[in-house]
Amino acid sequence: AAEEGFDVEDVEGAIEEAGHGPLPVLAVVGRPNVGKSTLVNRIIGRREAVVEDKPGVTRDRVTYEAEWSGRRFKVVDTGGWEQDVLGIDASVAAQAEYAIEAADAVVFVVDSTVGVTDTDEAVVKLLRRAGKPVVLCANKVDGQSGEADATALWSLGIGEPHPVSSLHGRGTGDMLDAVLEALPEAPKETFGATGIGGPRRIALIGRPNVGKSSLLNKVANEDRVVVNELAGTTRDPVDELIELGGVTWKFVDTAGIRKRVHLQQGADYYASLRTAAAVEKAEVAVILIDAADTISIQDQRIVTMAVEAGRAIVVAYNKWDTLDEERRYYLEREIETELGQIAWAPRVNVSARTGRHMEKLVPAIETALAGWETRVPTGRLNAFLGELVSSHPHPIRGGKQPRILFGTQAGTKPPRFVLFASGFIEHGYRRYVERRLREEFGFEGTPIHISVRVRE
Ligand code: GDP
Ligand code: GDP
């Protein structure tokens, strides 16, 4: 490395940074209007999780990446959901439940100017049951005079209240220090551990009515085993063990797949939260698409969620039994134009109704997981890069020609590469490198990350 003008320490640092495993997940929960979205904006340091004044506005994005004191983690914002017909307690509890289930630690936000409400107490019960580390955020402490209100929140019995003003930033640093202490270095269910022993985790996702519950029923026959049905608690979410192709798989959040009858307002947002939670917990996402219906923005959002989460991906086009010649023709065109970002994902054309091609699902999942776990030896990678650079050099810019000097695979699940270059590598060339990597090494069914370090 040194002879190429890179410091050994720089190289090692870059590899470590790029090779991080899955990030730990922090959920921000609490009743409406306590300031969850405002706090999430603070934590991620941008205005992306827009605080919406209009009730009933749906947001599809619920997971964000954040960094504090050099540590990275994900934040799940549950602030976008209005109460539904079951009333405020039930709706807050339901949304918090999904978020808590998927999280490694929780920030529980209370409006200290209001004090403890029954709904807050209900969330505390959930938190106790879940047993995840909790950081209590006493929000809306905008000045010294509010400190006493924060102290009163000791009465919740879940530890120290951290006085915070999400609006102005007061106290958020100290609270984030506590968050880092609560968060594990890596997510609890590490992929490595389950990869060896436990069943692989599948998230079956897709927009409403694509046939998720039908498919689950079809593949499961009568063999369903409910894994974590906690006695006397709420039913959601539930993981189920299902044997397919002689192997036991864990389908995560399957209760969420079944209809929740009380869903009225905020159904789309709720569905997004559910999808995000399931994807966080899974290794592979099986994305179901209704082949009979036009591929929609909602389908694309779900795809993006799974890609951004870095999961192995299989696409199943369902309701194949209903397609005529014409629809088949247009479907192929739509797939090309709308789902180009996952052209690498194994595809199965199924019917949950007739059982068509159900037997192809498991091989597709195995292919995707194999791609997700692929590791390219450094020697092979550099032989490949050397050839690529000489046969197809980067375009000359400002009289200089940036070159990829060497590279390494810093991690798997999904594959992550770091390339070291003599100058800025343009987006188009990066895409070319990715395409060639896929041609050479497969990576079927997996997103791949490529980061580039430029020599100073
Ligand atoms: P959510 O429903 O829990 O996501 O709450 P929002 O983040 O939408 O905030 C609800 C309202 O409380 C908004 O009008 C915010 O501006 C306000 N708010 C949030 N945090 C603070 C704070 O620290 N101090 C004050 N004074 N207002 C806040
Ligand atoms: P979910 O909301 O994604 O769980 O979708 P459901 O499993 O509830 O299915 C929605 C509707 O599509 C139901 O009426 C199903 O009977 C129907 N459906 C599901 N899969 C198929 C299929 O493969 N073919 C046909 N013709 N209908 C299907």
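Q: Over how many bridges do β12 and strand β13 (residues 347-349) pair in the parallel sense?
A: It's a predicted model, where local features need pLDDT of at least 70, side-chain atom pairs count only at 80 or more, and totals for chains, interfaces and linings use all residues. Residues count from 1 along each chain as its sequence is written, while chains run from A and ligands from 1 in written order. Helices (H or I, at least four residues) and strands (E, at least two) are DSSP runs numbered from the N terminus, and strands pair if DSSP finds at least two bridges between them. For parallel β12 and β13, the bridge count is 3.

Q: Which residue in β13 is the bridge partner of Y317?
A: Y317 points the same way from β12 as I313 and V315. Over in β13, its bridge partner is N349.

Q: Which helix does the chain cross through from β12 to β13?
A: This β-α-β crossover is right-handed (clockwise from first strand over helix to second, with the strands pointing away from the viewer). The helix on the way spans residues 325-338 and is α12.

Q: How many bridges join strand β11 to β12?
A: β11 covers residues 284-290 and runs parallel to β12. D290 sits opposite N318 here. The bridges number 7.

Terms used:
A residue is buried if 20 or more other C-beta atoms lie within 10 Å of its own, exposed if 12 or fewer, and partly exposed in between; C-beta atoms are placed from the backbone.
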